[in-house]
Amino acid sequence: MSPTRRIGVLLAVMLFACTIAGEVAGVGPVSIEASLAGGNTRNLLKDWSSRETAYSTAGISLGLHPLAMAEIELIGEYTTYGQLSSLSNFRYGAGFTLIPTGDSARTSLLLSGFYHDRDYRDQVTDVTSTEFSSSEYEARAGLAHTFTNSFQARTGLVYRATAYGSDDVRDREALDWYTGVNVTLPGRNVLDVEAGLTHGNLDYVAQSTGGIRPDRAYELLEQADLNTFYFSPRLSRPLGSRTGISLTVSHRQFVEQPDSAVVYGHSTGFLSPWVASYEGQAVAVNVKTFLIPRLITTLGAGYWSKDFLTTVETTDGFLGPQVSTLFAEERSDEQRRVFLNLQWPITGRGGWFIEPSLYLGYVSNSSTIDVYDYTDLSVSTGISVRL
């Protein structure tokens, strides 16, 4: 059976199972949303290898509403890759959202949490950045208050954790605190400003370690904290009656990062959850318009300047490929993105909702480390159905 047919059968079975569950659960209104998507990317791994592959994704979510203020969500999603089948994975989990305050209350409280598990089809793969299955946890508490129709404020805490299937890789944890305001300005402008601090853990190698043997890669890791501050204002305004534009600027900065800390990079053959942590600036512009009848068109472009932790990659030495912190490099990237997203929402008389979509995106990334010099052109189509 072809991957497309397998996904189609999986989607049909999950829809049937959720429909039966909704009829017998007896927990109030039940909502079902199913999605099917497919596409092609010219650079799946986001590096200079430029591995092109087609992919397909089928997903289903079941929403249960035992109380007007509560929702329980169950999800399942399967993704398959044509040329890199070892990355095919099944993601499933559950979550809840609780809003104990009424719709008319000036102060609102939100409590939520979820658990997601991701299991890969094959643990034996040369794609080390996603080699290990993992479980994700999140707990969130948010408080918002409306002072006037033109001024709202919010604050909250978010706890995130990722537990890896490999015993050698320590779980990653982070606690985020955020606060923000939303202000309506003259001239139909809206300013939203958010700032926050992330406190998390870090596993790293000391820069003076020298050569690294694969069988001792994780024995050499030291532990520390990694704190990051961010600040992000966004200005939005309408352009006529059917178009809106937003400009977002952001700043991220490490706070007291460990001196001489080195993380394993993409080409070393070791998993490093911390290689994606960075500081820097970004600016992005999004335009959303309804000028084309029955079509939501979103255009976006952005620029990111990212300074990462010092990174060690595989080097070609006299005795072949070598990993040594003596060759660790400062990694700085400049990334540019543009995208076009088209959505065609259709609502039926019976309350069902269907939305076909098309996405086109292009990314250009330049880096001080050659392995991260890449471009990527992605195109995908999808359809979601909500009952």
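A salt bridge is counted where a side-chain nitrogen of Lys or Arg lies within 4 Å of a carboxyl oxygen of Asp or Glu. By this rule the count comes to 13 salt bridges. The views show a predicted model, in which local features need pLDDT of at least 70 and side-chain atom pairs count only at pLDDT 80 or more, while totals for chains, interfaces and linings use all residues. Residues are numbered from 1 along each chain as its sequence is written, and side-chain values use heavy atoms, with hydrogens and water left out.

**View A. Salt bridge between Glu 33 and Arg 386.** The two side chains meet at 3.9 Å, N to O. Glu 33 belongs to strand E1 (residues 30-41) and Arg 386 to strand E21 (residues 374-386), so the pair ties together parts that are 353 residues apart in sequence. Strands (E, at least two residues) are DSSP runs, numbered from the N terminus.

**View B. Salt bridge between Asp 376 and Lys 46.** The closest N and O atoms are 3.4 Å apart. Asp 376 is in strand E21 and Lys 46 in the loop between E1 and strand E2 (53-67), 330 residues apart. Asp 376 is buried, with a relative accessible area of 3%, whereas Lys 46 is partly exposed at 33% (buried: under 20% relative accessible area; exposed: over 50%; partly exposed: in between; 1.4 Å probe, protein chains only).

**View C. Salt bridge between Asp 192 and Arg 154.** The N to O distance is 2.8 Å. Asp 192 lies in strand E9 and Arg 154 in strand E7, so the pair ties together parts that are 38 residues apart in sequence.

**View D. Nonpolar surface patch.** Leu 157, Tyr 159, Leu 175, Trp 177, Leu 197, Phe 229 and Phe 231 make a patch of about 620 Å². Patch residues have over 30% relative accessible area and no salt bridge, nonpolar side chains (Val, Leu, Ile, Met, Phe, Trp, Tyr) being joined within 5 Å; areas come from the Shrake-Rupley method with a 1.4 Å probe. Strands E7 (151-164), E8 (172-185) and E10 (222-238) each supply at least two of the patch residues.

**View E. Largest cavity.** About 70 Å³ of space lies in this cavity, a volume being the space filled by probe spheres set on grid points joined across faces, edges and corners. A cavity is a set of points on a 1 Å grid over the protein atoms alone where a 1.4 Å probe fits but cannot get out; lining residues have an atom within 4 Å of a point. Among the 13 lining residues, Asp 203, Leu 221, Tyr 264, Leu 271 and Trp 274 lie nearest the centre.

Key. Patch = residues over 30% accessible without salt bridge, like charges linked within 9 Å, V, L, I, M, F, W, Y side chains within 5 Å. Helix = DSSP H or I, 4+ residues; strand = E, 2+ residues; numbered from the N terminus. 1 Å grid on protein atoms, 1.4 Å probe; cavity = no way out; pocket = protein on both sides within 12 Å on 5 of 7 lines; lining within 4 Å.
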